[in-house]
Amino acid sequence: MTAHARPLADWLAAASDAELLHLFTERRVRADVGWHDFFDAAEALLDPASLAKVLPALTGPEASALLRAAAGEDAGAERPALTALALLRPDGTPPAPVIAALNGRTAPPETTSTSAPTAPDDLAAHAAERAFTTVSILADLLLVARDSPFALLAGGSVSAGEKRQLSETGLPIDVIDALLAIAVDARLAVIDGRRLRTSTSAEDWLRSSAPERWSVLATAFRDALPRGVRSADGGWIAPADWPHAHPWDPTWPERSRMLLQAATLLGVIAEGGTEPVWSVPLRNGRAADATELARLLPAEVDKIFLQNDLTAIAPGPLAPPLDVRLRTIATRESAAQASSYRFTTESIARAFGSGESAQSILDFLAEISLTGIPQPLSYLVAQTAQRHGLVRVSTDDETGRTRIESTDPHLIEAMAIDQSLRPLALTKHVDSLTTRVGRDTVYWALTDARYPATLVGADGAALVRERHPAAPTEAPATSSSDLLPLILRLRSQQGPDADAAWLDRELEAAVRARAVLRVTVGMPDGSTRELLLEATGLGGGRLRGRDRAADVERTLPVSSIRAASVVAS
């Protein structure tokens, strides 16, 4: 219990709900914190552990202003922000616990507060090329994650095993974590436990043009920047000042390095810390404008060459909607401005499983092919279509077990003895196989084992299933609303007599600590008397203690006590 908490408790009680929501959110107060009243809140906010958490979050100007205030100077323009964080009193002076917490902290360096120089044409071209490469690689990563979510380490980075597999497909592993962080900020991917999955927003983004993709990523990156990097108009401060944005945060040097890396990958910062013209609207807090960027990007194509060796060549960056659909039918072998794709039995079967038919595949390929459809490819599609659906997976209505049926008895025999399917515990039943394992799990197990399986419903119609359905797009965190019940609870304990409530708390704390109190007692004749009591008990509206001067036990009505303070031992 400290006397410094009383002024803050009074300020909290008089603050609006919006001010309390801002304070509790910025100070990272848990909604289920066990505070009873505003006195509890004030003491907790001035606790050294709580102050040690909020000081690293201060921006450079806020840190400098707080040090000036602690030295008896004016905090200047940062005073309202520091007061809103309960680090300054309304009169602009910091409470003693804040001054103590500042011990040993140094003033941050002065910032330049100037924007980056404009990038010359050659550096702007390099930045545009990086932006295009970043968008393309991120699209590849999201397509991989859509089929097989990434395993994450405890720190949130992709596991080494996942990166090794990605490197085998030609993706650069040194930027994977940075790109996926950009995707999470843009809500194209969500972290679900220890897995990273694509969101429903990613489906639309994947089918957007390169400039539209870039605009989404760059805007989300700007909007997710930390407070210290954001400018007053909603953009960002000079990139040269980013490393000094949060001077008291020991993790900031690494985090600012990652932010600068992400900005460079997105092409909003060019080499030498220069600025491309398309970054200006974003830096000024306006909507992204990719017009100038688009002029430097390679033109997208909407046609491909189909070849007799079951490959397809795109003579330039294939339009994203076409690329996404083509990659459900074929496996992309190389990624460049001229990409190549290969058709296989497995890739065609995967397309059938996602809802395509032989006719829809051939119609699509005929529409985008400059060379018609080669006979080997037509034969592959027809042959795969004939095999597709030979194995039907359904649920038996009577037993509830999963049933596997096929018009080819050899396939039934093969599945019955297939060692890779042993975990399914398949059992022969007449001309079919049954298992207690769920229908979807059985279907994917058979698909992985390269059996031509089809999932069918109760009516016998084929069902389309996604192995890893897209996660709902996460809305921005709105923890403030969760704090409203806490504010209501604190207000419900706010009585009309704050002085009496504070006195009760001081007396209770003194009794618990067996402290010596200097008590001012009001006498019946209107005079006051000062006693030095060693507090021993409190109850029934009376304070009990030993009078140090007279060496006797006294019992005082709390209503007669005008003031009480702890005497330092």
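1. A helix here is a DSSP run of H or I with at least four residues, and helices are numbered from the N terminus. With that in hand, a few friendly remarks on this predicted model.

2. Let's begin at the end of H19. Just after this helix, Gly389 adopts a positive phi of about 90 degrees.

3. H19 itself covers residues 375-387. Its 13 residues, at 1.5 Å a residue, should span 18 Å, and the end C-alpha atoms lie 19 Å apart, which agrees.

4. Which residues of H19 are buried? They are Leu377, Leu380, Val381 and Thr384. Looking down the axis of H19, you will find the buried residues within an arc of 95 degrees, so they line one face of the helix. Gln375, Tyr379 and Gln386 are exposed, on the other side of H19.

5. What do the buried residues of H19 pack against? Their partners are strand S4 (305-306), helix H18 (358-368) and H17.

6. H17 (residues 345-353) also packs with helix H16 (residues 320-329). Their axes are 6 Å apart and meet the eye at an angle of about 115 degrees. That makes H16 roughly perpendicular to H17, because angles of 65 to 115 degrees count as such.

7. For a closer look at this contact, H16 contributes Arg327, Thr328 and Ile329. On the H17 side they meet Ser347, Ile348, Arg350 and Ala351. By type, the residues of the H16 and H17 contact comprise three nonpolar, two polar and two charged.

Notes
Residues numbered from 1 in each chain as written. Predicted model: local features only at pLDDT ≥ 70, side-chain atom pairs only at ≥ 80, totals over all residues. Heavy atoms only, no water. Axes fitted to C-alpha atoms, helices over the stretch in contact; angles between N-to-C directions. Helix = DSSP H or I, 4+ residues; strand = E, 2+ residues; numbered from the N terminus. Parallel < 35°, antiparallel > 145°, perpendicular 65-115°, else oblique. Contact = heavy atoms within 4.5 Å. Nonpolar A, V, L, I, M, F, W, Y, C, P; charged D, E, K, R; others polar. Expected span 1.5 Å × (residues − 1). Buried < 20%, exposed > 50% of the residue type's maximum accessible area, 1.4 Å probe, protein only. Arc of directions from axis to C-beta.
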